Amino acid sequence: MAQTQKSSLFSAALIGPACLGAVTKLDPRQMVKNPVMFVVEVVAAFTTLLFVRDLVSGGQDLAFTGQIILWLWFTVLFANFAEAVAEGRGKAQADSLRRTRTETTAKRLAGPAAAIGGPREDYGTVPGASLKVGDVVLVEAGDVIPSDGEVIEGIASVNEAAITGESAPVIRESGGDRSAVTGGTQVLSDWIRVRITAAAGSTFIDRMIALVEGAARQKTPNEIALNILLAGLTIVFVFAVGSIPSFAAYAGGAIPLAVLVALFVTLIPTTIGALLSAIGIAGMDRLVRFNVLAMSGRAVEAAGDVDTLLLDKTGTITLGNRQATAFRPVHGVTAEALADAAQLASLADETPEGRSIVVLAKETYGIRGRDMGSLNATFVPFTAQSRMSGIDLDGSSIRKGAVEAVIASLDSAPALVGAGAAARVLQPRLDPATAQEVRAIAEEIAKAGGTPLAVARDGQLLGVVHLKDIVKGGISERFAELRRMGIRTVMITGDNPMTAAAIAAEAGVDDFLAQATPEDKLALIRREQAQGKLVAMCGDGTNDAPALAQADVGVAMNTGTVAAREAGNMVDLDSDPTKLIEIVEIGKQLLMTRGALTTFSIANDVAKYFAIIPAMFVGLYPQLQALNVMRLASPQSAILSAIIFNALIIVALIPLALRGVSYRAVGAAALLRRNLLIYGLGGILVPFVGIKLIDLAVSALHLA
Amino acid sequence: MTLAGWIQIALFCAAVLALVKPLGLYMTRVFSGARTPLSPLLRPVERGLYRLAGIDEAHEQHWLAYAGAMLVFHAAGFVLLYAILRLQGLLPFNPADQGAVAPDLAFNTAASFVTNTNWQNYGGESTLSYLSQMLGLTHQNFLSAATGIALAVALIRGFSRASARTVGSFWVDLTRCTLYVLLPLCVVYTLFLVWQGVPQTLAPYAEATTLEGAKQTIALGPVASQVAIKMLGTNGGGFFNANAAHPFENPTAVSNFVQMVSIFALGAALTNVFGRMVGDERQGWAILAAMGVLFLAGTVVTYWAEGSGNPLLNALGLQGGNLEGKEIRFGIPGSALFAVVTTAASCGAVNAMHDAFTALGGLIPLVNMQLGEIIVGGVGAGLYGMLVFVVVAIFVAGLMVGRTPEYLGKKIEAREVKMAMLAILCLPLMMLGFTALATVLPAGLSGPANAGPHGFSEILYAFTSAAANNGSAFAGLSGNTPFYNLTLGTGMLVGRFFVIIPALAIAGALAAKKTVPASAGTFPTDGGLFVGLLVGVILIVGGLTFFPSLALGPIVEHLAGAAGQTFAAAGG
């Protein structure tokens, strides 16, 4: 399941079952789902019957007709093989998932024991499969969580390697956005009380298995439309080929049925018809390999169409933590003095921000770390009330915190600092000009997208530390890439508009939504959709659920709440919001592969006409030999070569169908130019070469 | 091939291109109900007509209602025309005392004119009364043309509107098109033709005595007005049997040039209407460019083939081009160009015998029609036929930019593809199906005048021309038999309405959709790449289907001719 696990396209373990699958899929009830290949099968069966009759009653060109029929069946088998290989890859993953799903027993809590705070010991042991939605169970260290559920009480570390492939345990706790637990995962420490949200057989892992196996696969809207096009083209060629016998009769001849069938089968779009479902299955499979589960194929298609991407700032665009990047002293204070004070105040501060101040002081002014004990210092921790933290040492007091909080503290009553003999009263010395200067610096920092942290020593303002949101490396390039793909990125943040604007500019997003509430998010999505745009977002909290449900592509984080997971149409098992970008690329790749092979398949017809038409009619009008531009050896070898090419090209393209056409973020015009050149023009030229080569082989082997 | 010939072709293209923008602007204003210079004069008439018919011009129709109105209107027109033809002997304006038209011929003729085909299995001057010509045929010439344009506008509205339920009002579009576009242009055009020497009279046929003293009847009639609408409305049905080759229909090289331009004028301008109404003129130019590429390719081949002449005669030392069946006042370029224009657009008027063209020269008109008359095409019909191909081209290749296909912000989904394929399917069914029938049934085989591949081409050409609603004849085929009257008539009706109704369904489906704003990720549809793609899809999806039939007709004839063989002896 892990991303690193990349099996080769055709491993030996896959080939065997796929060959078997190719044969069992010949069942007409299955074939009928694929109109083009069904038609080939019917035609093949019909000609086989006639061939058997001719074998008994004797007929002409039996060896040639036999070979044509053989290749007709190969065409159908190759198509089935492609589908079976694609499914096989999914099946292998499903099997590994199934192995993790062990038979569990559950500790069911009933009556008062089920309530929050109820007695935990009063559980009854029942089989996991018998649990119903709404049951409450106790899961303790070492237990496997029996089914999907929501933590209603307690906190535990859980090993979710079964679904994510990631062995590092994650925390699951009640109340917050990390309350969802998945059946089949194991609690490593502590205990939790879980309310079951999925009945046996419909848990997350069950759904995953169904999805990767392709059992739950339904044709997507675009696939349905494409099938209609292919069926339409097939009918066109029924007319084109069906009228030939009369035309030939007019010219005073007759065309053997096998030749007509060969022309028909080579003309109808068998290449894309054979590979269409394999492409769809492989697209879902690529997502799964990427540890993203799409709940429907429709969602994958929608991902390719996304116009607007809503990205949370924290964790996606910026690293989670802010870091100190500069010391900004007020007039009359050296930067070194400010750095010294700030470093002292942060020595005991274990927050990432505090540690980054220590690091910056060391890097810029060589101020070494000092030992708290030897300094005889007391650490003043951050509280929500004071919004400051700091340190008291040797009669000196240092505070750092939100600018207004620090200024307000200096403006207030005298304070007692130090302890024992060193204790003394500190008179605040707030100089209005200095306060003004600090405010000015703070505003400047905020405008640049940073967070200002005022530092005061012994009641005197020293300056401001510039804490900065660190935009992830390479992210602005990614956004530029998205822009070239025609996708607009919108950053969602709780920051104020000024800070948000600065970070948005630095990260290179197209727009931002500052001080965003869940309602704002929902409104933004609706606004975009009203303009006809498709919106993708990711979220994890319960309050994200409405927006996730509204978005065309809603990626729920696996760490998120049950509500979020239900609302989204994809789940990211790694809970990495950056993946939204890759999801879009995978969606585009799926659509591109489909388009490329359709174009290729239709373009192929030119060469096939030029192979078969002269061969077919040269008996009626020898002049038509001029149309044999490939100079194929004989009419029979020409027809045989065309049908062999038609069958072999399916096999040759299976890797492309499974791997997908490579996607580059270069904009639609450049992509189209490139793909039209490769699959359009290539589709016209390749069969000329291919049929010629096969013809050389066919005539060398005296097959025709 | 001469320099003068190429210059004539270049001048023709320049003249058509020059008309695209002004006519496009004018028609856009007409169909969006804006004021035009003619409004002071025509607006009261228009309003009067609506009051008379009880039409609320502000009331727009759902596509089904639009299609229903169109069908009812055509059914009524069909019945009326059929009745006039059957009863013309009893009706006035019949100085030549023409009798009733036979039922099968009347069916064929009614189908022919209602569908804007104007296939003529009769000789106008020897079969029809003035009343039949003026009331029966001319009114259909106007209305079938106006219908084509109205439907194209309805389809354009499908693309230009968003989240809309309606596609316009059939009655209003029909009235505006006739009143503001066709009538005024025809009045001016008729005067021009009269100046060029085309008769316009209700007087009986003139009697003349030749120098040898023989009596000769010279057919006359209200010719100029009929020719005007036959060209502008891409109808093509001639007043005389010889059509535009007749000196009274097309007297001079100048009238010939103007007639060719007038065939293309409205059809080409409609691409500009399309561009303007969807808010980006470049989209219209791209469509016109795709048409232009196919047109130029056809013109070059035909002019080259005709200019090079018949290889069999060349071998005998008769150098020069193929002038057989051509009017000397038009020459080879004037005839070759006319043949390409009239078959590219679904006009069908002819100023030369296509039957007498070289094999390749005759191949191009055939291919033009088999593609579905989308190279400029019949007025309106060409545009909606082309847009059907655009839907298919976008759907096939649009996926390659990694989005579900969309055109002008409209997503192309299952419904649009289904309708587009239906429209595309009906042409090969009619063209190839009936040809297959005619080439094995004795009733069909009695038709062609020639044996071998050329006879095959004659049959193929007839059904192709009928289903494509072109109406030009290869000549050489005796079409006035019950078999051909009925099969050709059916081909015309299916070829018209089984394209129109799916096209309207597409319009309705598109109008209801939201318009996705364009971005860098959107499939670009206004550049050369798109034009090339569209041409490729038209040739491969629309054209290759006919390759076997072409191989057995004109292609084998060409190859045999080049090798010095004929088929005259083969079948007698």
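Modeller: Buried means under 20% relative accessible area, exposed over 50%, and partly exposed in between (1.4 Å probe, protein chains only). With that set, B:Leu408 is buried, at a relative accessible area of 19%. This is a predicted model, where local features need pLDDT of at least 70, side-chain atom pairs count only at pLDDT 80 or more, and totals for chains, interfaces and linings use all residues; side-chain values use heavy atoms, with hydrogens and water left out. Residues are numbered from 1 along each chain as its sequence is written, while chains are lettered from A and ligands numbered from 1 in the order written.

Colleague: Where is B:Leu408 found?

Modeller: In the loop between β3 (406-407) and β4 (410-411) of chain B. Strands (E, at least two residues) and helices (H or I, at least four) are DSSP runs, numbered from the N terminus. Phi of B:Leu408 is positive, near 55 degrees, and the residue is not glycine.

Colleague: And B:Asn118, buried or exposed?

Modeller: B:Asn118 is buried, at 0% relative accessible area. B:Asn118 sits in the loop between α4 (103-114) and α5 (124-127) of chain B. Its phi is positive too, about 60 degrees, although it is not a glycine.

Colleague: New topic. What do chain A and chain B bury between them?

Modeller: About 5100 Å², with 79% of it on carbon and sulfur atoms. That is accessible area (1.4 Å probe) lost on putting the two parts together, summed over both. In contact (heavy atoms within 4.5 Å) are 65 residues of chain A and 60 residues of chain B.

Colleague: How many salt bridges between chain A and chain B?

Modeller: Two. The term means a side-chain nitrogen of Lys or Arg within 4 Å of a carboxyl oxygen of Asp or Glu. A:Asp305 forms a salt bridge with B:Lys411, and their closest N and O atoms are 3.4 Å apart.

Colleague: Which helix gives the largest share of the side of chain A that touches chain B?

Modeller: α7(A), with 12 residues.

Colleague: Over to chain B. Why does the span of helix α1 agree with its length?

Modeller: Helix α1 of chain B (residues 3-31) has 29 residues, so at 1.5 Å a residue it should span 42 Å, and its end C-alpha atoms are 41 Å apart. The expected span is 1.5 Å times one less than the number of residues.

Colleague: What follows just after α1(B)?

Modeller: B:Gly33, with a positive phi of about 75 degrees.

Colleague: Last one. Where does A:Val32 lie?

Modeller: In the loop between α2 (28-31) and α3 (35-57) of chain A. A:Val32 counts as partly exposed because its relative accessibility is 47%.
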